[in-house]
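Please keep the sequence and the structure at hand while reading.

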Amino acid sequence: MLQPIIEVNNLTFQYDQRLEDKVLSDVSFSVQKGEWLAIVGSNGSGKSTLAQLLVGLYSSLLGSIHINGIELNETSKWEVRKQIGIVFQNPDNQFIGSTVQDDVAFGLENINMPYEEMQVRVEKALELVGMTDMRLYDPSRLSGGQKQRVAIAGILALKPSVIVMDEAFVMLDPKSRRSLLNTLHQLKEKEQLTIISITHDMDEAATADRMLLLEAGKVKEIASPRHVFQQHTNLEPPFAERLRRKLSSKGASVPSTYMTEKELVQWLWK
Amino acid sequence: MNKLILGRYFPGESWVHQLDPRAKIVAAVYFIFVLFLANNWQTYVLLWAFTFIAMRYSQVPIRIYLRGVRPLLYLILFTVFLQILFTAGGKIYFEWGPIVISEYGLINGFYIFCRFVMIIFVSTVVTLTTKPIDLTDGINALLKPLRKMKVPVDEIALMLSISLRFIPNLLDETQKVMDAQRARGTEFGEGSLLKQMKTLVPIFLPLFVSSLNRAEEMANVMEVRGYQSGATRSSFRQLYWKHRDSVCLCVMITLTLGLLWLRNEGLFH
């Protein structure tokens, strides 16, 4: 087996040292290169804290994080951040540039990239998220979803090997959400991009390679979506699974195992 | 808020619009200094001619310039009247105690009026024809020499551009907070001054707190995207010095020479 791109070992974290309860306790997992990991869990289960720990915004109490073999700490965090990017939830506070293209270029300016190369990268990133026509717009003319796409473009322009999405698709309408997810899936295939997406959207989580279920700061389960949805029936399941359960409770003789949308359609056709 | 014309941008494609912001800022600041060279009516005519040409070339309707003068009108009139009433010299038309209306007073008053209006006009030409972000770029470029004196020029520029970018957001938020408080029964702009000031507290506090949250989140985003204060950064926005910018500065020099000549010689002295 290859060395995993992200390795988290016995991570423990709490905001206030005086308090007993920990936000994260003894979290361990690893992610392979080119994998899509969805982190799910109810509010307050420590998802966002985990995301911020991964990019070095907080430092852990105990345990370690290795990204591409480098251990994340105060001195290495700038090096590590060249490989890992994060998209946050609130699009307004992520928009630093004064126009769309300036914002996409912000990260590139920080690594002191020459102007000509920057132009190419910005162009390409805007194309990926479908914002080329709006490159000269200022943020006040954009909707929440459009700003979110710009934020994603800003990360893509940096060409990181890992992208963390902290509920980044919340503000998007279903159509652009689907198209962006498609783009990311393609990038993941083509460039071996590793994606960690924190989400409440189970349909989105169901398309991931693996799911990490977080409960009260502990890893409850890390497995394929199929397995997770089968084991943890208290989770809000994706649409196809909901339909299967409904049918099953109405007395139809559906298979008793989890089914993806495709499988369900095929089964219904038969 | 709508009355304030300074700092507004009037989109267009005119000759002045296409000037480099650096050239425009330098020219406007220079003009304000050169203004004090004027000392007789010929020089004022020349300056007025220049101002009008600049205004015409900007292709912005005159009424917008006039609107820019309006909020400052009282200040201008106040200064002008003080000049008229307390300057002595020349032929005296009216005298009552310390108050003297004299020939010099009237002339001085008129000159001061001209100066004020021209300063406003010329600075509005710049702000109306330049996008705020280009202005910041211009200021940034012009401040660059100060780097040697350890002035954090890039940080100042970044602060300026982030503030500019957040003005609409903060205005929106203020409006939202006001509406939310109004929905809960707060009445704005009523009662005594003290009462009115008190009703502002439920607007300011939420705004203040949300600004702090915003700042923190933004600092995180900037950090994660690799922003390190003091590090060398390249720049995506580039300024290009063109022919017309050199022309603009040449015009300023010609103007100065003209002023100096008229000032000493006087055409019809």
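Helices α1(B) and α9(B) are roughly parallel to each other, a term for angles under 35 degrees, while those over 145 count as roughly antiparallel, 65 to 115 as roughly perpendicular and the rest as oblique. The axes of helix α1 (residues 21-34) of chain B and helix α9 (residues 243-264) of chain B cross at roughly 5° and come within 10 Å; axes are lines fitted to C-alpha atoms, for helices over the stretch in contact, and angles run from 0 to 180 degrees between N-to-C directions. Helices (H or I, at least four residues) and strands (E, at least two) are DSSP runs, numbered from the N terminus. On the side of α1(B), the contact is made by B:Ala23, B:Val26, B:Ala27, B:Tyr30, B:Phe31 and B:Val34, and on the side of α9(B) by B:Asp245, B:Cys248, B:Leu249, B:Met252, B:Leu255, B:Thr256 and B:Leu259, where contact means heavy atoms within 4.5 Å. By class, this contact of α1(B) with α9(B) has 11 nonpolar, 1 polar and 1 charged residues; Ala, Val, Leu, Ile, Met, Phe, Trp, Tyr, Cys and Pro count as nonpolar, Asp, Glu, Lys and Arg as charged, and the others, Gly among them, as polar.

This is a predicted model, in which local features need pLDDT of at least 70 and side-chain atom pairs count only at pLDDT 80 or more, whereas totals for chains, interfaces and linings use all residues. Residues are numbered from 1 along each chain as its sequence is written, chains are lettered from A and ligands numbered from 1 in the order in which they are written, and side-chain values use heavy atoms, with hydrogens and water left out.

By class, the contact of α2(B) with α5(B) has 13 nonpolar, 3 polar and 1 charged residues. Among the residues that meet there are B:Tyr44, B:Trp48 and B:Met55 in α2(B) and B:Tyr111, B:Arg115 and B:Phe121 in α5(B).

Over all chains, the structure holds 8 aromatic pairs; rings of Phe, Tyr and Trp (its six-membered ring) pair if their centres lie within 6.5 Å, and planes under 30 degrees apart count as stacked, over 60 as edge-to-face and the rest as tilted. B:Tyr44 and B:Tyr111 form a stacked pair, with 4.2 Å centre to centre and 20° between the planes. This pair links distant parts of the chain, with B:Tyr44 in helix α2 of chain B and B:Tyr111 in helix α5 of chain B, 67 residues apart. B:Tyr44 is buried at a relative accessible area of 3%, and B:Tyr111 also counts as buried, at 14% relative accessibility; buried means under 20% relative accessible area, exposed over 50% and partly exposed in between (1.4 Å probe, protein chains only). One aromatic cluster is formed by B:Trp48, B:Phe52, B:Tyr65 and B:Phe121.

Which residues of chain A have a positive phi although they are not glycine? Most residues other than glycine have a negative phi. A:Asn10, in strand β1 (residues 6-13) of chain A, has a phi near 45° and is partly exposed at 41% relative accessibility. A:Asp26, in strand β2 (residues 24-31) of chain A, has a phi of about 55° and is partly exposed at 48% relative accessibility.

The table gives C-alpha separations.

| Residues | Apart along the chain | C-alpha separation |
|---|---|---|
| A:Ile6 and A:Leu54 | 48 residues | 9.0 Å |
| B:Ser235 and B:Arg225 | 10 residues | 15 Å |
| B:Ile76 and B:Leu164 | 88 residues | 29 Å |

A:Ile6 lies in strand β1 of chain A and is buried at 0% relative accessibility; not counting residues up to four places away in sequence, A:Ile6 touches residues including A:Phe29, A:Leu54, A:His66 and A:Ile196. B:Ile76, in helix α4 (residues 73-86) of chain B, is buried with a relative accessible area of 0%, and beyond its neighbours within four places in sequence B:Ile76 is in contact with B:Val69, B:Phe113, B:Phe116 and B:Ile120. B:Ser235, in the loop between α8 (193-224) and α9 of chain B, is partly exposed at 34% and, with residues up to four places away in sequence not counted, touches A:Glu109, A:Tyr115 and A:Met118.
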